[in-house]
Amino acid sequence: MNQPDVMILDNVSKAFGEDWERETVVEKLSLTVKRNQLTAIVGPSGCGKSTIVNLLAGFELPDEGTITLDGKPVTGPSKNSLVVFQETALMPWLTTYQNVVFGPELRGDMPKNELKAAADKIIETVGLREFRDKYPLQLSGGMQRRAELARALINQPVVMIMDEPFRGLDAMTRQLMQEFYLRLCEQESRTNVFVTSELEEAIILADSIVVLSNKPASVREVLQIDLPRPRNLDMLSSPEAYEYKRQAMEILHEEAMKSFSGTGTNSDFLEAYSRMG
Amino acid sequence: MAQSSKNKKDGKLKSLFTDLTLRRGVFSIVIFLVLWEVGFRFHDWFGIMVPFIGKIDAPSLVAARWSEVVFKPGYWESWYLSFGRVFFGFMVAQLVGIPVGLLMAVNKYFRGMFFPPFEILRPIPPLAWVPASIIFWPTTELSIMFVTFLGAFYTIVINVLGGARSIDVQYLRAAQSMGATQWDLFRKIILPGTLPSIFIGAAVGMGITWEVVLAAEMISGGGQQSGGGLGFFIWSSYMGGVMDQVIVGMISIGLAGYISSSLIRYVGYISMPWKRMF
């Protein structure tokens, strides 16, 4: 139960579509998610990150290869690998509190008064005490993400999968959420997979960053991020962080170029793009 | 925080708004009645016949006729009969339509089997069913209710089907990963997620049932009972050449429809608290 590798993806491939137009989205992807660490997954946009999330969560099953969670193969969605979705997936017809207790109530695996106490505590932790009985549409974007975090946390998943959870927030709220999430992770260790397209977000949050190749997605590189903890957003301007960023950018840039190569007509654009990097 | 005080302010604004809406509504109705009255009186006053409106009995005449009619039990019996038919047809349409719509949404075999015949039957206007339904059903009453039922049924099914199919797959996925069974998904996601569409379907369907019930009453002669429903009330007033009474009947229908749709809106408001803050 306590081996350091919580989730192991071994040579996973996934394709979509009918035979004659079958498109491989993930190809021979292998990675491990370490216990009590935050593993960030970054990759060029459209490289198949969402498919990887669906595979990790058990919404899709791999065509080839295996995915194991704590030694057992993943055969479908379960509370042990919960997803915090890109756009909020809070049920609009439930209040913050009702959303948070949704999972435990469904399974009935917690005594009622215990559940109430746990839910109130988690709502307090994410700073939504005053909004306990509000509906999602009455919350701001940042509050919705925090409510959704609370809803996932109360289920005590073995792995929490964050699918670009701060996408669509304005820059200021996004920073606040990153800081909030840093504190949350550092207070109590959890196993996290954090999918993002923002490199800096990955660097500041993660213990290791998995850099994906262009579609079909496979692992290009795994960067260990050894910035000291507790961290803060200011560390992004440190030389170490800059070096991580440079390394990752280089790979992402190469991968981004690949999607243009072969067309030949875009050479001017490509040149401009590489100077920008 | 700032959010909660904003909500309070919104509440105040809302009550002010509804007050204003009410005043606007009363104002527009008064203007309408005045124009109608003047249009009718124009010929008497200035010798000019206003087209169309000049021939329709003025509101004052209609009101006078109405004040007589309200003391006749037949008038109220008409209300009662039409309301009964609408209510019965509408309720049966809900009871059958909502499950059929939901089943079509969640089960592809059921959808495959029932959608094509449903789509063939749907374009047939309910009134085209009147002759067949008079033959088919033992009493005129039942055949009117059947036609009323058809009026609301298709709209309800289409709305429920569309509503349930457009539920965001992420809600289903989130619930699934938290351990929801198929039954949980249906009960806790699909049902509440479809509720807004159920009420839209109900409101539209209710409008259609009123249209249909009146026409059905006119065609069938209103059943055996005296009074015979508001549709028959209009028809017999027309046959008797009592034009102002026809208008009394028309306005009665308008009011009946408004009362019915207000009731549906109210029930929707009560049962969907999350839709209330706008």
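In which loop of chain A is A:Pro230 found? A:Pro230 lies in the loop between β10 (219-224) and α8 (239-258) of chain A, where helices (H or I, at least four residues) and strands (E, at least two) are DSSP runs, numbered from the N terminus. The model is predicted, so local features need pLDDT of at least 70 and side-chain atom pairs count only at pLDDT 80 or more, while totals for chains, interfaces and linings use all residues. Residues are numbered from 1 along each chain as its sequence is written, and chains are lettered from A and ligands numbered from 1 in the order in which they are written.

**Chain B and its helices**
- Of the 278 residues in chain B, 33% are buried; a residue is buried if 20 or more other C-beta atoms lie within 10 Å of its own, exposed if 12 or fewer, and partly exposed in between, with C-beta atoms placed from the backbone.
- Helix α3 (residues 73-106) and helix α6 (residues 140-165) of chain B pack at an angle of about 30° with their axes 7 Å apart, the axes being lines fitted to C-alpha atoms, for helices over the stretch in contact, and angles running from 0 to 180 degrees between N-to-C directions.
- The contact of α3(B) with α6(B) has 22 nonpolar, 6 polar and 2 charged residues, where Ala, Val, Leu, Ile, Met, Phe, Trp, Tyr, Cys and Pro count as nonpolar, Asp, Glu, Lys and Arg as charged, and the others, Gly among them, as polar.

**Where the chains meet**
- The contact between the chains takes 16 residues from chain B and 22 residues from chain A, two residues being in contact if their C-beta atoms, placed from the backbone, lie within 7 Å.
- On the side of chain B that touches chain A, the elements giving two or more residues are α1 (2-46), α7 (169-177) and α8 (182-220) of chain B, and α7(B) gives the most, with 6 residues.
- By class, the residues on this side of chain B divide into 8 nonpolar, 6 polar and 2 charged.

**The largest nonpolar core**
- Of the 122 residues in the largest nonpolar core, those that touch the most other members include A:Ala40, A:Ile161 and A:Ile209; such a core is a set of buried Ala, Val, Leu, Ile, Met, Phe, Trp, Tyr and Cys residues joined through C-beta atoms within 7 Å.
- The element that gives the most to this core is α6(B), with 15 residues.
- Leaving aside neighbours within four places in sequence, A:Ile209 is in contact with A:Ala40, A:Val42, A:Ala202, A:Ile203, A:Leu223, A:Ile225 and A:Ala248.

**A sheet in chain A**
- An open sheet of 4 strands in chain A has the order β2-β1-β4-β5 with antiparallel pairing, two strands being paired if DSSP finds at least two bridges between them.
- Because β2 and β5 (72-73) of chain A stand at the edges, each with a single partner strand, one side of each is left without a neighbour in the sheet.

**Backbone features in chain A**
- Most residues other than glycine have a negative phi, and most peptide bonds are trans.
- A cis peptide bond, with omega of about -5°, joins A:Arg229 and A:Pro230.
- A:Asn36, in the loop between β2 (23-34) and β3 (38-42) of chain A, has a positive phi near 60°, and A:Asn36 counts as partly exposed because it has 13 C-beta neighbours inside 10 Å.
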